[in-house]
Amino acid sequence: MGKGKGADTTPRNSISADSEMQRQKLVGDTAGHTEEIHIDGEQSKFSATLGILRKLIGVADVINLRLSLPSQLLDPIPNLEYWNYMDSPEYFVAITEPDDEVERMLAMLAWWFSKFLKHTGKVHKPFNSVLGEQFFCKWEVDGNSTTSDAVQTATSSAGGNSSGSDAKREDTAASSITNVSDGNSGSGGSKPIVEYITEQVSHHPPVSAFVYRCKERGIEAVGMDHIAAKFTGLSATVATGSESHGIFVTLKQRNDEMYKCTHPVGNIVGWMRGTLKVQLIDSSYIVCAKTGLAAIIEFKEERWFGKSKGNVTGKVFRYDEKSYGDKLAGWRLKDIPKACAIVATFGGSWDQKVMVQRVDGASKDGTERLLIDVTALEPTKKQVKPVEEQGEMESQRIWGVVASKMLEGKYSEATRIKRGIEDQQRALAAARKERSEVVVPALFKPGYSSNGKPELLDDAPINI
């Protein structure tokens, strides 16, 4: 599970290591000039944010700018803790259960939609991670959970309209913030455990490597998180950066089936109304070479005015990688060749309900059924070691005091402490540059930047 109490998680460094020079692009320093943003005490959080964003119109990549924001414009949670894909881990562990390969693909889709739960409420801005920062946690999942149980859970509240869902979404988003320190509750021993291991491996550009794994179910997901953002004046567009190749999910108990899942593009809209929300646009795909199945998910871009619908549609089809290679990456639904047999179709609203229908004759009546109801989901609480048992590079050790001051409403003090942390990081970066020192991640093996599939070191100091 992990190493004992007080595990040493200090990053390992290698000075002028030739074998690591190729990682210079990923393992960036922060020695460049950083602009500190200040706001008037009478300004609202929204007006201050909008004033800053006006200055960023046309900037190629807002995420990669060196900006130090005051604590008033942030949310009291570290980035690595907030930005995870396991708000509903019951869908993740259920992927392995169906014996039918099409149903496994549909279970993969259900989990893929479940990770958008955090985008259904308030738009959050967590603390930027420092180089070498780490976060560890685990989730306990109901041991009796199955694919059908997960769907039934979502269906139980789906018998009518989604009245009150907006309020629930705000509560859902808020709960992911207030669960910063859940303590170290014990496992009952009968429930599958999903572990989350992540490390910030670059600061400029900001890149983190991650692993999710459930040993009891033989399932693992790995990847690199790297986003790029651009503000146009009416919306902020957020897309994957060059170091992110998707999420790679491996089912070890299913002949090591590996599914590549790509991310959609997000628009943050509502600047004119003062109410920010996320719209998903463009398309994504999931593909598994061993089963010869693929899915394309297409999001409908919404108009600036009118009620948000979050429309999504997609198809699951037979896909021969030997015949088509990597052409799938450029396909939309209309591009699927006739030779690729459609086995299922799905559609609905990504932030509410998505329905699915088998069209390959496998279902007796071919009726439409619920794939997932996002409005019925609530984030599962993370289990994190107490702060006193965390290593000095773990997120809550680094940012805990800042978060506490923010929650107390002491924003000036929180900003002062936050900038002290940032100044220390800049000093460390300058010293590394002076010594021509390359930082080597503490948790992951070299070579992940080429394929986006990080591997944990055999002796990685995992503190779960």
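Predicted model: local features only at pLDDT ≥ 70, side-chain atom pairs only at ≥ 80, totals over all residues.
I went back to Leu109 and listed its contacts. Leaving out residues up to four places away in sequence, Leu109 touches Ile286, Ala295, Ile297, Val316, Phe346 and Leu371.

I looked up the strands next. Strand 16 (residues 311-318) and strand 17 (residues 342-349) run antiparallel and are joined by seven bridges. I found Asn311 paired with Ser349 of strand 17. Strand 17 also runs antiparallel to strand 18 (residues 353-358), with five bridges between them. Here Gly347 has Met355 of strand 18 as its bridge partner. I traced the link from strand 17 to strand 18: a hairpin through three residues.

I finished with helix 8. Its 13 residues, 395-407, reach 17 Å from first C-alpha to last, close to the 18 Å expected. I located a bend of about 35° at Val401. I listed the buried residues of helix 8 as Ser395, Gln396, Ile398, Trp399, Val402, Ala403, Lys405 and Met406. What do the buried residues of helix 8 pack against? I found helix 2 (79-82), strand 4 (134-140) and helix 9 (411-434). Last, I checked what follows helix 8: Gly409, with a positive phi near 80°.

Notes:
Residues numbered from 1 in each chain as written. Heavy atoms only, no water. Helix = DSSP H or I, 4+ residues; strand = E, 2+ residues; numbered from the N terminus. Expected span 1.5 Å × (residues − 1). Bend = angle between axes of the 7 residues up to and from the residue. Buried < 20%, exposed > 50% of the residue type's maximum accessible area, 1.4 Å probe, protein only. Contact = heavy atoms within 4.5 Å. Pairing = 2+ DSSP bridges.
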